[in-house]
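These are my notebook entries on one structure, kept in the order in which I looked things up. The coordinates come first, and my remarks follow.

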Amino acid sequence: MVSPLATKLNLPTSGSNTGIVPPDVLARVTQTLQSKNTLAPKINAALASDRTKLSGLGQLQSALNNFQNVAQSISGDGLSTGTSSSASNVVKAIGSKSAVAGNYNVQVNQLAQGQVLQSKTLATPDTTIGTGSPSSIRIDFGSSSGSGFVPNGAPKNVVINSGNNSLQGIASAINEANIGVEAKVVASGKQFALQLTAPSGSNQTLRIAVNGDTSLQNLLNTDPAGSKNLSQVRAGQNAEFSVNGVAGSSSSNVVTTAITGTRLELSAKGSSQVVVTQDNAQIGKNVDNLVSAFNTLNGKLRSLAQGELKTDGTAGVAQERLARTLRNSEVTGADGKSVTLASVGISVGANGDLALDRNKLQAAIVADPTAVSRLFSQSGTGLADGLNNQIKSLTGADGTVTRETAALNKDISQLNTKKTNLARALTLQANALVQQYSQQQSNALPGLPGNGSSSGNLFDIIG
């Protein structure tokens, strides 16, 4: 039976008699490396921890964005706006203060999607590509036809060097650059490939050119109008739809211009009847929706704080900021009295969830609908506006979630580099030990140490 160590480190164990590692020598090498190699478990543990946190941050980003959509729909003066969709699995509609009441037949013919490109396969995600000489990946976004490529804006550049010249290193570098391209390593049979997903839309086709290492060029260089080293798994395309028979197209599945003041979120082909209304009866419904959406978000924050983000304070930061916004919500009514969440029937539980007394809310709406509306949406200073702003501060370009995500991607890239260097060092160590132990066995010298103590200096390479 071939030792797993021999396989991982490419030690000769079969074939001709020349160069075969005797089983007893291999056993001594394995014992020595296992006793000295304490760094690999630490690297693997750190990678697992970082990837868990990264997954948690992705879930947090999604949960915050989902709640933000609800908060935005009633911010400004949109509390009295109501929307419904007869087929919410096809299209969801979210109104705003400028929504125009009416019935709208929405037909979705095609969803927007981003182009997906995939590289040739390599043995492992950490297989070294090229020499590691400093190189730059230039990525252009644009429109492609059979005869040419028209760029859409300025190109983006990603630097690759000896610290990240592997599939996983390239993926981490592209994600860390935050240029709109999602990169990941995918399994293809027993090997691995780099997969790139562009932003959605037909004008976001990728053209990629590497300046530097030839091996990187051979892996990545792709021109839609020329030679292609990356294969196209899926073409980019726009969403195609119509509203009351008027055709429309969008590079995104979120459409904000088809119905004045109403946001359409397309999710499947098909048709739906969208109804937009504006009256005070909608206030109670929208407050109910906001409370329900907040509790869904708060439950996710609690779950993340106890799970994937247990050792990361980001979920706690989000909880504290949202709770502070709730505590500071107050306006003055027409009678000069203070109007608070408690006075309109909303209380905060011990776990941060909101409870709504609908009878008390309806009584407050009847007594002073304007004050209730202003409590939640008041030209940027109501509760919905405040919650929306807090989420922007978390997920924006310089937000806590964004910065933490970038830091984790950078750390993962560095850990993968350490892992690659460790593998190289262990290979050197193993080969040195094979020579040493084989020579000892050949000379049959008594009293020589069998614990590999004479070769520990090679571990200094990755110390």
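Is asparagine 178 buried or exposed? I looked it up and found a relative accessibility of 61%, so asparagine 178 counts as exposed, where buried means under 20% relative accessible area, exposed over 50%, and partly exposed in between, with a 1.4 Å probe and protein chains only.

Before going on I noted the ground rules: this is a predicted model, in which local features need pLDDT of at least 70 and side-chain atom pairs count only at pLDDT 80 or more, while totals for chains, interfaces and linings use all residues. Residues are numbered from 1 along each chain as its sequence is written, and side-chain values use heavy atoms, with hydrogens and water left out.

**Entry: the two asparagines**

I then checked the backbone of asparagine 178, which has a positive phi of about 55° although it is not a glycine. Asparagine 178 sits in the loop between α4 (167–177) and β8 (182–188); for element names I follow DSSP runs, numbered from the N terminus, with helices being H or I over at least four residues and strands being E over at least two. Asparagine 244, also not a glycine, has a positive phi near 50°, and I found asparagine 244 in the loop between β12 and β13. Its relative accessibility is 46%, so asparagine 244 counts as partly exposed.

**Entry: the whole chain and a sheet**

Of its 463 residues, 43% are buried. Among contacts with a separation of 6 or more, 70% join residues 24 or more positions apart, a contact being heavy atoms within 4.5 Å.

I followed β12 and β13 into an open sheet of five strands, whose order is β1-β16-β3-β12-β13 with antiparallel pairing; two strands pair if DSSP finds at least two bridges between them. Its edge strands are β1 (81–85) and β13 (246–250), each of which pairs on one side only. Within the sheet, β3 (residues 102–110) and β12 (residues 239–243) pair in the antiparallel sense over four bridges, and I noted that valine 108 has phenylalanine 241 in β12 as its bridge partner.

**Entry: an open pocket**

The search runs on a 1 Å grid over the protein atoms alone: a pocket is an open set of points with protein on both sides within 12 Å along at least five of seven lines, a cavity is a set of points where a 1.4 Å probe fits but cannot get out, and lining residues have an atom within 4 Å of a point. Grid points are joined across faces, edges and corners, and a volume is the space filled by probe spheres set on the points.

This pocket is lined by 27 residues, of which Val70, Thr83, Ala93, Ile94 and Asn289 lie nearest its centre. The elements that give two or more residues to this lining are α3 (39–74), β1, β2 (91–95), β16 (270–278) and α6 (281–306). By class I recorded nine nonpolar, 15 polar and three charged residues in the lining of the second largest pocket; Ala, Val, Leu, Ile, Met, Phe, Trp, Tyr, Cys and Pro count as nonpolar, Asp, Glu, Lys and Arg as charged, and the others, Gly among them, as polar.

The largest cavity has a volume of about 80 Å³, and 13 residues line it, with Gly163, Asn164, Asn165, Ser166 and Thr420 closest to its centre. Helix α11 (residues 400–443) gives the largest share of that lining, five residues. The lining of the largest cavity has no nonpolar, eleven polar and two charged residues.

The second largest cavity holds about 40 Å³ of space. Its lining has ten nonpolar residues, no polar and no charged ones, and among them I noted Phe67, Leu290, Val291 and Phe294. Helix α6 provides the largest share of the lining of the second largest cavity, three residues.

**Entry: two further residues**

I looked up serine 373 in helix α9 (residues 369–376). At 16% relative accessibility, serine 373 counts as buried, and, not counting residues up to four places away in sequence, serine 373 touches Leu79 and Ile283.

Last, I placed aspartate 24 in helix α2 (residues 23–36), where its relative accessibility of 41% makes aspartate 24 partly exposed. Aspartate 24 and glutamine 441 are 417 residues apart in sequence and 9.5 Å apart in space, C-alpha to C-alpha.
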